[in-house]
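Q: Please take a close look at one part of this model, the surroundings of a single aromatic side chain.

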Amino acid sequence: MTTFHAVVWMDHSQAHVLMFDKEHVEAQRVKARSHHTPKHGHVGADKDFFKQVADALAGVTEVLLTGPANAKIEFRDFCKHNAHAVDKAIVDVVSSDHPTDAQLVAMARQYFLKYDQTAADPTQR
């Protein structure tokens, strides 16, 4: 399925990649291989995990990243250096709790509706 938009909910253990158009949703889950938590409770960036998520987003032109912790920001930073096409597609990073896939798609559709309406007018960004 060729899609234009995607929303990715992620933490350090998994990512829910939801690509969608007006009528269809394609979901993919990517799991991190390592769940090791260092002494101070911070899980480091898993480059293999981030690469798999970036590969899942191949061809998507607008991506909204969301999730409860820092993984979404670390993924964005990973993309800046390692997945330039995905980096260019990331339009925003938003914090969220643990919504269902249906709630994620509804949130992303509402977000992209507003984003697409203001994208032509830089004063609205």
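Is Phe20 buried or exposed, and at what relative accessibility?

A: Phe20 counts as buried because its relative accessibility is 2%, where buried means under 20% relative accessible area, exposed over 50% and partly exposed in between, with a 1.4 Å probe and protein chains only. The model is predicted, so local features need pLDDT of at least 70 and side-chain atom pairs pLDDT 80 or more, while totals for chains, interfaces and linings use all residues. Residues are numbered from 1 along each chain as its sequence is written, and side-chain values use heavy atoms, without hydrogens or water.

The structure holds five aromatic pairs; rings of Phe, Tyr and Trp (its six-membered ring) pair if their centres lie within 6.5 Å, and planes under 30 degrees apart count as stacked, over 60 as edge-to-face and the rest as tilted. Phe20 and Phe112 form a tilted pair, because their ring planes stand at 50°, with the centres 6.2 Å apart. This pair links distant parts of the chain, 92 residues apart: Phe20 lies in strand β2 (residues 14-20) and Phe112 in helix α4 (residues 101-118). Helices (H or I, at least four residues) and strands (E, at least two) are DSSP runs, numbered from the N terminus.

Phe112 is also buried, at 2% relative accessibility. Phe112 pairs with Tyr111 as well, edge-to-face, at 5.6 Å centre to centre and 85° between the planes. Tyr111 counts as partly exposed, at 22% relative accessibility.

Elsewhere, Phe49, Phe50, Phe75 and Phe78 form one aromatic cluster.
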